[in-house]
Amino acid sequence: MNTPTMQTLVEQELLANYASMYRFAYSYVKNEADAMDIVQESAYLAIKNASTIQNKPYIKSWLFRIVMNTAISLLRRRGHEVSDVHISEFGKEDCYTDFDTIEALNILNSKERTVVILRFFEEWKLQEIADTLGENLNTVKSILYRSLKKLKIELTEGEICHET
């Protein structure tokens with residue numbers, strides 16, 4: 001019986017998580033074309049560097065870290081200039097449709113936004129997020145708690161403004 005190569009495993013993980021990777025990239029750049037470019041560049045880098053992966057369980061985290069770094073690089077090159085395009089219906093249609101919450105994510109820094117998106121929109125476990133970000137589990141929990149507190153304040157203030 002042949003054992004699949006690390007490149008084959010990376011390719012399988014890419015295919016299984018393509019829609020999630022797109023949504024994740026989109027959460028950074030808020031532009032469909034740029035998100036697709038980020039995913040394509042990330043896929044290229046992942047396949048090119050598949051031999052550097054040591055452990056099979058970390059492939060998914062590694063892929064999302066590549067997507068995150070590629071998105072951040074793009075934003076830095078453009079001076080954080082992003083367009084205000086609505087979330088596309090790519091993959092999970094119902095998880096990115098609360099536009100008040102999506103808009104509120106903009107108050108978070110990139111690490112906070114990443115934790116919230118991976119936890120609640122992509123339904124990752126906290127340990128998976130910690131592995132992806134290269135942080136310890138308690139740090140991720142703190143980031144999540146702080147982020148949710150910021151979002152609650154932002155969303156509550158929005159409700160008060162709309163009620164008056």
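A contact denotes heavy atoms within 4.5 Å. The legends below describe a predicted model.

View 1. Residues up to four places away in sequence being set aside, Ser 20 is in contact with Phe 64 and Glu 122. The relative accessible area of Ser 20 is 13%, and the residue is therefore classed as buried, the threshold being under 20%.

View 2. With a relative accessible area of 6%, Leu 14 is buried. Its contacts, again without residues up to four places away in sequence, are Met 21, Ala 43, Ala 46, Ile 47 and Leu 63.

**View 3. Leu 14 and Ile 59.** A separation of 45 residues in sequence lies between Leu 14 and Ile 59. In space, the C-alpha to C-alpha distance of this pair is 9.2 Å.

**View 4. The buried residues of helix H6.** Helix H6 comprises residues 126–133, and Leu 126, Ile 129, Ala 130, Thr 132 and Leu 133 are buried within this element. These residues lie on the same side of H6, because the arc that they cover around the axis is only 165°.

**View 5. The residue that follows helix H6.** Gly 134 comes after H6. The phi angle of Gly 134 is positive, with a value near 70°.

Terms used
Residues numbered from 1 in each chain as written. Predicted model: local features only at pLDDT ≥ 70, side-chain atom pairs only at ≥ 80, totals over all residues. Heavy atoms only, no water. Buried < 20%, exposed > 50% of the residue type's maximum accessible area, 1.4 Å probe, protein only. Helix = DSSP H or I, 4+ residues; strand = E, 2+ residues; numbered from the N terminus. Arc of directions from axis to C-beta.
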